[in-house]
Amino acid sequence: MFAWIFIGLISGWLAGKIVNGNGYGVMADIALGLVGGIVGGMIFAILGVQAHNFVGAILMSTAGATTLVIATRIIRDEI
């Protein structure tokens, strides 16, 4: 459980930096990273790729969290 929160924190923070922002705050970054892990897992499963270690899990979560950040910014800007 602690590892998931740690991975979520790192991937949420990285996603905020990749999309050129300051993030959404610690709790939102963790939530974004955790949900990003699910989204990233689905994306990578479609591509036939699996994460087998800590670095792979962070990369997968970061890809999913970055996708979520971009989607939320698109939705927020259009509303």
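Predicted model: local features only at pLDDT ≥ 70, side-chain atom pairs only at ≥ 80, totals over all residues.
## A walk through three helices

Start by selecting Ala57: leaving aside its neighbours within four places in sequence, Ala57 is in contact (heavy atoms within 4.5 Å) with Ile7 and Ala51. Ala57 has its place in helix 3. Helices here (H or I, at least four residues) and strands (E, at least two) are DSSP runs, numbered from the N terminus. Is Ala57 buried or exposed? Ala57 is buried, with a relative accessible area of 16%; buried means under 20% relative accessible area, exposed over 50%, and partly exposed in between (1.4 Å probe, protein chains only).

Residues are numbered from 1 along each chain as its sequence is written, and side-chain values use heavy atoms, with hydrogens and water left out.

**Zoom out to the chain.** The protein chain has three helices and zero strands. Its radius of gyration (taken over C-alpha atoms) is 12 Å, close to the 12 Å that the globule rule gives for 79 residues, so the chain is as compact as a globular protein of that length. That rule is 2.2 Å times the number of residues to the power 0.38. Of the 79 residues, 34% count as buried.

**Select helix 1, residues 2–18.** At 1.5 Å a residue, its 17 residues should span 24 Å, and its end C-alpha atoms are 24 Å apart, which agrees. The expected span is 1.5 Å times one less than the number of residues. Next, colour Ile7, Gly8, Ser11, Gly12, Ala15 and Gly16, which are buried in helix 1. They cover an arc of only 160° around the axis, which puts them on the same side of helix 1; the arc is that of the directions from the helix axis to the C-beta atoms. An α-helix has 3.6 residues a turn, so residues three or four places apart point the same way. Phe6 is also in helix 1, but Phe6 counts as partly exposed, at 37% relative accessibility. After the helix comes Asn20, whose phi is positive, near 65°.

**Move to helix 2, residues 26–47.** Its 22 residues should span 32 Å at 1.5 Å a residue; the end C-alpha atoms are 30 Å apart, which agrees. Buried residues of helix 2 include Leu32, Gly33, Gly36 and Gly37. Just after helix 2, look for Gly48, which takes a positive phi of about 80°.

**Go to helix 3, residues 54–78, and pick Ser61**. Ser61 counts as buried at 7% relative accessibility. Which residues does Ser61 touch, not counting those up to four places away in sequence? They are Ile7, Ser11, Gly33, Gly36 and Gly37.

**Finish at the core.** Select Ala15, Val19, Leu32, Ala65 and Val69, the five residues of the largest nonpolar core. Such a core is a set of buried Ala, Val, Leu, Ile, Met, Phe, Trp, Tyr and Cys residues joined through side-chain atoms within 4.5 Å. Centre the view on Leu32: neighbours within four places in sequence aside, Leu32 is in contact with Tyr24, Ala65, Leu68 and Val69.
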